[in-house]
Amino acid sequence: EINKLLKVNNKVTIDVLEQAANYFVEKLKPRIPVSNKSHKHLRDSLKVVVKDDMVQVVFEGNAWYWHLAEHGHRAGPTRKKVKGKHFVQNTFNAESDKIAEIMANKIIKKMGG
């Protein structure tokens, strides 16, 4: 959408998205619940991945369970519901204006404005 609206080249787009993703990771890490297990925690698995023309914030490796912590799940033999923490969605909702501002400012700066 950025390319269509502002006709910004791909390198600038990737740079802008990567900077916004890094900001999001910085704000998300403190909000991730810490497990009392002795394995690698979600905070340690969070990273920004740049692949071709795409930038993603991902939980790498064996951190597939972030989805369970985010949205909740049923656990144990009683299948009792474990309430989700919604840390990813709440962080994005809280920081979306700042992320958009970071992206817009960087695009304006790169375009020489």
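**Talking through the model**

Modeller: Let us begin with Asp15, which lies in helix H2; helices here are DSSP runs of H or I with at least four residues, strands are E runs of at least two, and both are numbered from the N terminus. This is a predicted model, in which local features need pLDDT of at least 70 and side-chain atom pairs count only at pLDDT 80 or more, while totals for chains, interfaces and linings use all residues. Residues are numbered from 1 along each chain as its sequence is written, and side-chain values use heavy atoms, with hydrogens and water left out.

Colleague: Is Asp15 buried or exposed?

Modeller: Asp15 has a relative accessible area of 18% and is therefore buried, given that buried means under 20%, exposed means over 50% and partly exposed is in between, using a 1.4 Å probe and protein chains only.

Colleague: And what does Asp15 touch, leaving out residues up to four places away in sequence?

Modeller: With those set aside, Asp15 touches Lys106 and Lys110, where contact means heavy atoms within 4.5 Å.

Colleague: How do H2 and H5 pack?

Modeller: Helix H2 (residues 10–28) and helix H5 (residues 87–110) pack at an angle of about 145 degrees, and their axes are 9 Å apart. The axes are lines fitted to C-alpha atoms, for helices over the stretch in contact, and the angles run from 0 to 180 degrees between N-to-C directions.

Colleague: Which residues have the most contacts inside the largest nonpolar core?

Modeller: Those are Leu28, Ile32, Leu42, Phe59 and Phe87, in a core of 19 residues; a nonpolar core is a set of buried Ala, Val, Leu, Ile, Met, Phe, Trp, Tyr and Cys residues joined through side-chain atoms within 4.5 Å. H2 and H5 each supply at least two residues of this core, and its largest share, seven residues, comes from H2.

Colleague: What is Leu28 in contact with?

Modeller: Leaving aside neighbours within four places in sequence, Leu28 is in contact with Leu46, Phe87, Val88 and Thr91.

Colleague: Changing topic, how do S3 and S4 run?

Modeller: Strand S3 (residues 72–75) and strand S4 (residues 80–83) run antiparallel and are joined by four bridges, and two strands pair if DSSP finds at least two bridges between them. The bridge partner of His73 in S4 is Val82, while that of Arg74 is Lys81. The two strands form a hairpin with four residues between them, and Gly76 in the turn has a positive phi of about 70 degrees.

Colleague: Which residue other than glycine has a positive phi near 60 degrees?

Modeller: That is Arg79, which is placed in the loop between S3 and S4 and counts as partly exposed because its relative accessibility is 48%. Asp52 also has a positive phi, near 55 degrees, and its place is in the loop between strand S1 (46–51) and strand S2 (54–59). Asp52 is exposed, with a relative accessible area of 71%. As background, most residues other than glycine have a negative phi.

Colleague: And where is Gln56?

Modeller: Gln56 is in strand S2 and, at 32% relative accessibility, counts as partly exposed. Apart from neighbours within four places in sequence, Gln56 is in contact with Lys47, Val48 and Val49.

Colleague: Last one: what separates the C-alpha atoms of Ala100 and Val16?

Modeller: They are separated by 10.0 Å, although the two residues are 84 residues apart along the chain. Ala100 lies in helix H5 and counts as partly exposed, at 43% relative accessibility.
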